[in-house]
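Okay, thanks for coming, everyone.

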Amino acid sequence: MVKEAPKIASHLRPILESVPDPEIPVLTILDLGMIREAKEIDGEVYIKLTPTYSGCPATDVIGDDIRTAFEKENMKAHVELVLTPPWTTNWISEEGKIKMRDYGIAPPLSESADKLALLEGEKVVPCTLCGSTNTHMVSQFGSTPCKALFKCEDCYEPFDYFKCLI
Amino acid sequence: MNNQALYNYILGVTDNSLILAQRLGELCGHGPSLETDIAITNISLDLLGQCRSYYQYAAKIKGGDTTEDSIAMLRTEREYVNVLLVEQPNEHFGFVIARQFLFDVFHLLQMQELQNSKDETLASIAAKNIKETLYHRRFSSDWVKRLGDGTEQSHAKMQEAIDALWRYTNELFEITEDDQKMIDAGIGVDVSKFKETYYKQVAEVLEEATLKVPENKYFQTGGKKGIHTEHLGYLLTDLQYMQRTYPNMKW
Ligand SMILES: [Zn+2]
């Protein structure tokens, strides 16, 4: 497991915190752990951004959103896409996971629980509406590749589960 | 460093994903159920996303006015070097799953090797791809088992598809001159190394699906040399339509 803390200059943090994920707008790109580095050199900002999924169409939008957010502060931002080390759901902050659940998406479980849920069909993913783990997977792919579709058998709520990516 | 060989090698790796992504994209709104429709288009999107990283890199190597878009959209049919397997039409759902499964098993093994490439860019793209490809392989294997070990009809259709597509599997292991140059340089993957593993892994799933491993030893090849089946031309007309009609258009 790669556990490298991102290097983010503290004065740039509030600006990055204002950039939401276009797909899950309650989360910021910091919550998702997509910013690996942010620094200022001679009045210009250099950002290293890592995509969550290769095919995520949001990545281009996020790059634009970051540049726009800094422009508003009269700063020029250079966004570089980095693939190594590859993004993992371990980089989603605890706060981000809570926001995700409140938004109606079950946050990723631990790697072992995730395997049980997706491969063995074990009832371990808690329903985002009632909290029951009496749930089952309807489809391995949900509304986007990063999510699987689940259904609660107690309250019948259909919900997305954010798959574990290690 | 032989740049032309590296460029060709990258296309050899990623044209497969581009063409398969396009085939899967055709099913958008036409999947047999909402869940499979969404899954298939998601896999398509993953593959397309993976292509972008490779083509961006290839464009950098080629230089000039080459871009990821011009590589993906503006080559002629003979310049695409994908294997024949991925260009085969969707036919029925059994074909979609069989094609996906036969490709995913190969693709995962290929990426697992490519992540050790001496070329850092290729290694990092491959490492990223592995995580996604694991999900694809799981999806297609599950469906091979569900349909193979399902009803009499689903079993027959799944077997029909595996039998029909089997002749394209051997080409996955063909090594072109440029591939060999890249293998020698420690950049490319020597696919012959995992050929046996591939057929073993495929057989394991087929067996679990109560399907027969085809015995035919006649294999068709040509895609890697740019000699394609008649299906690719039609696929490319769809794929290239926008860029040819409205050159340089952007979203
Ligand atoms: Zn519930």
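**A zinc site and some local details**

Let's start with A:Cys130: its relative accessibility is 42%, so it counts as partly exposed. By that I mean between the two cut-offs, where buried is under 20% relative accessible area and exposed is over 50%, using a 1.4 Å probe and protein chains only.

Before I go on, this is a predicted model, so local features need pLDDT of at least 70 and side-chain atom pairs count only at pLDDT 80 or more, while totals for chains, interfaces and linings use all residues. As for bookkeeping, residues are numbered from 1 along each chain as its sequence is written, chains are lettered from A and ligands numbered from 1 in the order in which they are written, and side-chain values use heavy atoms, with hydrogens and water left out.

Back to our cysteine. Which residues are the protein donors of the zinc ion? They're A:Cys127, A:Cys130, A:Cys152 and A:Cys155, each through SG, lying 2.3 Å from the zinc. Donors here are N, O and S atoms within 2.8 Å of the metal (3.2 Å for Na, K and Ca), and since water is not among the atoms, sites may look incomplete. In sequence, the donor residues follow the spacing C-x2-C-x21-C-x2-C. A:Cys130 sits in the loop between α4 (111-119) and β6 (135-139) of chain A, and A:Cys155 in the loop between β7 (147-152) and β8 (158-162), so the pair ties together parts that are 25 residues apart in sequence. Helices (H or I, at least four residues) and strands (E, at least two) are DSSP runs, numbered from the N terminus. A:Cys155 comes out at 29% relative accessibility, so that one is partly exposed as well.

Now the backbone. Most residues other than glycine have a negative phi, and most peptide bonds are trans. With that in mind, look at A:Thr84 and A:Pro85: a cis peptide bond joins them, with omega about -10 degrees. A:Pro85 is in the loop between β4 (76-81) and α3 (94-103) of chain A.

Then there's A:Asn74, which isn't a glycine but has a positive phi, near 60 degrees. You'll find A:Asn74 in the loop between α2 (58-72) and β4 of chain A. Is A:Asn74 buried or exposed? Exposed, with a relative accessible area of 74%.

Over in chain B, B:Glu91 also isn't a glycine, and its phi is positive, about 45 degrees. B:Glu91 lies in the loop between α4 (84-87) and α5 (93-114) of chain B, and it's exposed, at 59% relative accessible area.
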